[in-house]
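Here is a short briefing on one protein chain. Please look over the sequence and the structure before reading on.

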Amino acid sequence: MKLTPAPESPTFQHGDEWQSVWGFRCGVSSPGKGKPRASARGGFTSPRNRKKDLFDFPVRTRFAPSPTGFVHIGNIYGAMLDYAFAKKHKGGFILRIEDTDQKRRVDEAEEKIYQGLKWAGLVPDESPEHGGKYGPYRQSERLEIYQKYARQLVDQGDVYYCFCTPKRLEELRQEQKRKKRLPKYDRLCRKISKKEAEQRIKNGEKYVIRMKVPDNEKIAVNDLLRGKVVFESNLIDDQVLLKADGFPTYHLAVVVDDHLMKISHIIRGEEWLSSAPKHVLLYRYLNWQMPVLIHTANLRNPDRSKMSKRHGHTSLDWYIDQGFLPEALLNFLSLLGWSHPEEKEIFSFDQFVKLFDLKDLSPVGPVFDLKKLEWMNGVYIRNKADADLVEFLKPFLPEVAKDKILTAAPLIKERIKTLKEASEILEFVTRKVDYSPDLLLVKGLTKESAGQMLEKAKAAVDKYGIDVEKLQKEFLKLIKDNNWNTGNFFMVLRTAVCGKKITPPIIESLPLIGKGETLSRLDLALSKLS
RNA sequence: GCCCCUAUCGUCUAACGGUUAGGACGCCACCCUUUCAAGGUGGAAACAGGAGUUCGAUUCUCCUUAGGGGCACCA
């Protein structure tokens with residue numbers, strides 16, 4: 001059995017740096033130091049001990065989503081890693097639209113991707129929108145390119161024409177499934193001579209192009225996180241590369257594009273690891289240098305399944321609508337599979353870019369913990385200057401005037417975890433919240449005593465207007481003079497004015513309502529008591 | 001069915017053969033306090049199991065178990 005060596009990654013500096021640059025050595029086991037698990041598999045250097053990263057070629061990463069619908073939070077996670085790694089090395093971050101599946105294409109999806117990236121601040125250097133020297137960046141616009149390489153592979157004899165109908169393939173699969181065998185193409189058309197195949201094509205027969213996968217080989221994939229992963233070629237299907245509609249499949253397109261676009265590091269989800277040997281084969285057939293491959297763990301639902309709509313909130317839009325701040329979301333996401341060297345939890349994205357390294361990523365799929373995200377978002381909200389916070393708050397408080405939002409900002413920033421919560425906590429500002437009279441009878445107060453408190457509070461407001469400092473003094477005096485319970489007094493006032501027991505500090509909230517409305521609400525409360 | 005990946009508190013993670021296994025979210029208690037928060041202090045909470053290797057394994061190897069991913073003319 002022949003062993004196919006793991007293809008080498010792009011040019012590297014020779015000598016000692018090699019290992020530290022790539023974080024692994026191809027096919028050489030590394031004794032001694034290194035992340036234990038990894039060193040046994042391929043010899044990682046220790047992230048903490050590693051030398052400076054030295055690249056003698058520009059780092060270029062790509063985010064390559066399919067425009068099939070909404071932007072998934074996992075998309076943002078992946079794009080963030082791409083962006084951070086590229087920027088850390090002063091390299092390029094490329095957006096490529098993988099729209100080779102006509103059936104699944106959704107028109108608005110591409111626009112959503114641009115918006116999502118913009119919101120998150122992960123703006124690509126090259127994209128269909130921005131252009132760039134390696135375009136077009138939409139795969140549907142690169143058809144001739146794929147066809148050209150498909151032709152080359154035909155000429156080299158590394159691929160073959162296949163005329164099997166989808167129906168036959170389906171039946172084949174069913175049969176294999178029934179026999180509990182590996183579902184795999186039976187290579188029927190591999191026997192057809194090139195001449196015959198070309199004749200049949202001339203006759204107008206529909207065909208696809210499949211790659212010839214060699215027998216009895218071990219195909220090694222070098223993954224930056226997992227070291228060398230070896231696959232049996234016998235278990236790999238003769239993958240379709242060019243579909244009957246002339247579009248490439250992912251496997252052809254991704255290899256051709258990553259090479260032509262000079263992508264140095266392919267960062268993609270772990271679901272691609274199984275098809276990586278196919279790509280290794282294609283790089284070999286095309287005689288191209290293999291980029292660095294890294295398969296990152298997918299985000300998980302609390303039940304550990306791949307994060308999906310069924311269980312939680314996966315759409316970026318949901319997070320935006322809830323009022324999560326982009327910097328909070330990125331900070332949270334950066335802590336999935338990675339940790340700050342000083343164990344910090346809160347740090348800027350710039351810090352992350354500086355400290356992040358692909359090699360330090362954990363191969364384990366992290367559960368997305370919304371509670372922690374909420375906490376972190378709260379931290380970011382609290383840390384924002386009031387004037388800045390106002391801008392973020394405005395869309396969530398369409399009925400509240402800007403100056404009132406500014407007044408409210410310091411009162412609510414310690415009480416909300418998402419911007420959306422502001423609308424609930426400030427509900428009393430724009431409307432009289434209805435409540436039951438019982439609510440005014442705090443801790444066994446009688447109607448009379450509660451009424452007395454409100455009468456005197458009203459008199460104070462009437463006299464001093466909404467002057468926070470004066471009211472503060474006056475209310476405390478009233479409490480002392482009348483020998484009231486401090487908590488009770490403020491709670492009665494709070495309920496009367498806001499209609500609920502949970503509000504920002506009550507005196508400071510009065511300016512949000514104004515004198516006239518405050519008096520009117522106190523009157524309403526008094527009438528509820530009589 | 002087959003292939004591949006993975007395994008530290010409930011969750012996110014630190015640990016690179018020798019630690020009272022550290023931090024964060026969440027949870028509980030107390031303090032502060034006009035409610036709620038925020039803040040402060042403290043607490044409960046983990047090395048999946050079994051064999052090796054070693055003077056010594058959370059850490060290295062193997063097996064088991066469990067979880068995840070993949071096996072399309074989808075990406």
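In which sense do β5 and strand β8 pair, and over how many bridges? β5 and β8 (residues 240–242) pair in the antiparallel sense, over two bridges. The model is predicted.

**Chain A overall**
- Chain A holds 22 helices and 10 strands.
- Of its 530 residues, 36% are buried.
- Take the contacts in chain A between residues at least 6 apart in sequence: 73% of them join residues at least 24 apart.

- β5 spans residues 208–211.
- Val208 and Arg210 point one way from β5, while Ile209 and Met211 point the other way.
- All four of these residues, Val208, Ile209, Arg210 and Met211, are buried.
- Strand β4 (residues 159–162) pairs with β5 over four bridges, in the antiparallel sense.
- Met211 in β5 stands opposite Val159.
- Arg210 has Val240 in β8 as its bridge partner.

**Domains**
- The domain assignment divides part of the chain into domain 1 (316–383), domain 2 (384–431) and domain 3 (432–530).
- Between domain 2 and domain 3, the C-alpha centres lie 23 Å apart.
- Contacts link 11 residues of domain 2 with 12 residues of domain 3.
- On the side of domain 2 that touches domain 3, α15 (402–412) and α17 (427–430) each supply at least two residues.
- α15 gives the largest share of that side, with five residues.
- By class, that side of domain 2 has six nonpolar, four charged and one polar residue.

Methods. Residues numbered from 1 in each chain as written. Chains lettered and ligands numbered in written order. Predicted model: local features only at pLDDT ≥ 70, side-chain atom pairs only at ≥ 80, totals over all residues. Domains from an automatic or database assignment. Contact = placed C-beta atoms within 7 Å. Nonpolar A, V, L, I, M, F, W, Y, C, P; charged D, E, K, R; others polar. Buried ≥ 20, exposed ≤ 12 C-beta atoms within 10 Å, placed from the backbone. Pairing = 2+ DSSP bridges.
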